[in-house]
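Subject: Structure handover and findings

Hello,

Here is the structure you asked about. Please load it first, then read the notes below.

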Amino acid sequence: MESGTSVRNNSGSSRNDSYEAIKNGSWFHQFRNGCNPWMARYVYGLIFLIANLLAWAARDYGRRALRKVTIFKNCKGGENCLGTEGVLRVSLGCFLFYFVMFLSTLGTSKTHSSRDRWHSGWWFAKLILWPALTIIPFLLPSSIINLYGEIAHFGAGVFLLIQLISVISFIQWLNECYQSQKDTEKCRVYVMILSTSSYTVCIVGVIMMYVWYAPDSSCLLNIFFITWTLFLIQLMTSIALHPKVNAGYLTPALMGLYVVFVCWCAIRSEPVGESCNRKAAASNRTDWLTIISFVVALLAMVIATFSTGIDSQCFQFKKTESDQEGEGEEEDGVPYGYGFFHFVFATGAMYFAMLLIGWNTHHPMKKWTIDVGWTSTWVRVVNEWVAVGVYIWMLVSPLILKSRRQTTSGT
């Protein structure tokens, strides 16, 4: 009996050792060692990238191919499978695949379990499942696809919220890492350099947006967007430096970078031809710079989805039982939340659909463009304002909760 237990312990220990070696190895080492959760996340990211490319091809270049397809009756000669509907059909297939994976891996906590093997392996079955779920939406009537397009607005909003919380959590984690360093003086120098650099980039970014997107006083909307962004940076800094909050310079500086970037994306999303958008007018023709910008935006979307998907720890508001137990239990735990990972990719499928159609199911998009239109602009602007609101709430909520507890205990 003892020998059987010893064999099982030794085999489990050897599996843990091999997983640890794979985890600490390079990405090539992770691929070379077959089915493991570290290799699997790259494969799922590759599938997501291919789905993005298929949706783009259906929008910009699908007319030649799908016009000859008669097997899909609901396409009506290809007309209902092109443009916006083509993007939504590919997006729906991608969403279904990751949603099935979400339901089948939700709650996985241990490696070497059946659901861990399903997440990290069974690729032959998934190579059948994914194309099948991609084809199914092309068999559905347009009414269902349009309904999915409306639901995708909400799903894309959920993705933006998840991404926002992930960004803020990363900024706070970076600040805590600097504060926990043993060499306090050296740490302060690094924080000051990083904060000063961030504020400098923010100021330069605001100035460049005034030059590019507010060339005269008639551009009131762009002037409002840029000036309000500058005010929000000042507001975040003032609250963070308040004696009762005392959050330091680093987090508001990095949040300033984020909101300036979102404001820049919002103004760039304004339709081509607007008199207050010189950059958009200059990119009215399709040239190599437009194509490079599109490719970079597409890759950035995939990378953002991938990085957010593996960041499930920022949504754990309390320690799990496995975190409270010994180190041996932690070694047998999954490296990231599989269910959360697939959920982020499922909402990301809705998000890339909204970007490719400009958040408007009735708005045709120009070739080699992404996230263009007034709807896209206002989505970005609201996202910026929500980001600032969430950050300020995370700063002041401990004080509010503390005062409420004191009031309750006093009464």
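Axes are lines fitted to C-alpha atoms, for helices over the stretch in contact, and angles run from 0 to 180 degrees between N-to-C directions.

This is a predicted model, in which local features need pLDDT of at least 70 and side-chain atom pairs count only at pLDDT 80 or more, while totals for chains, interfaces and linings use all residues. Residues are numbered from 1 along each chain as its sequence is written, and side-chain values use heavy atoms, with hydrogens and water left out.

Overall picture

The protein chain has 17 helices and zero strands. These are DSSP runs, numbered from the N terminus (helices: H or I, at least four residues; strands: E, at least two). The chain has 411 residues, and 44% of them count as buried. Buried means under 20% relative accessible area, exposed over 50%, and partly exposed in between (1.4 Å probe, protein chains only). Take the contacts in the chain with a separation of 6 or more: residues 24 or more positions apart account for 77% of them. Contact means heavy atoms within 4.5 Å.

Helix 5 and its partners

Helix 5 covers residues 83-105. Helix 7 covers residues 123-135, and its axis comes within 7 Å of that of helix 5, crossing at roughly 135 degrees. Helix 5 and helix 7 are therefore oblique to each other. Their crossing is right-handed. A crossing is right-handed if the near helix is turned clockwise from the far one by less than a right angle, and left-handed if anticlockwise. Helix 5 contributes Gly-93, Leu-96, Phe-97, Val-100 and Met-101; helix 7 contributes Lys-126, Leu-129, Trp-130, Leu-133 and Thr-134. By class, that is seven nonpolar, two polar and one charged. Ala, Val, Leu, Ile, Met, Phe, Trp, Tyr, Cys and Pro count as nonpolar, Asp, Glu, Lys and Arg as charged, and the others, Gly among them, as polar.

Helix 3 (residues 37-60) also packs on helix 5: the axes come within 7 Å and cross at roughly 165 degrees. That makes helix 3 roughly antiparallel to helix 5. This contact includes Ala-51, Ala-55 and Arg-59 of helix 3, and Gly-86, Val-90 and Met-101 of helix 5. Its residues divide into 13 nonpolar, two polar and one charged.

Two residues to look at

Arg-59 is buried, at 12% relative accessible area. Its side chain reaches the backbone oxygen of Leu-356 at 2.8 Å. That is a polar contact (a pair of N or O atoms within 3.5 Å; within protein, one must be able to donate a hydrogen and the other to accept it, and residues adjacent in sequence count only if both atoms are side-chain atoms).

Ser-104 lies in helix 5. At 24% relative accessibility, Ser-104 counts as partly exposed. A polar atom of its side chain lies 3.1 Å from the backbone oxygen of Met-101. Ser-104 touches Arg-115 and Trp-118, leaving aside residues up to four places away in sequence. Ser-104 and Tyr-338 are 234 residues apart in sequence, yet 9.4 Å apart in space, C-alpha to C-alpha.

Another helix pair

Helix 10 (residues 220-240) and helix 11 (residues 250-268) pack at about 165 degrees, with axes 10 Å apart. They are therefore roughly antiparallel.

Best regards

Definitions and conventions:
Angles under 35 degrees count as roughly parallel, over 145 as roughly antiparallel, 65 to 115 as roughly perpendicular and the rest as oblique.
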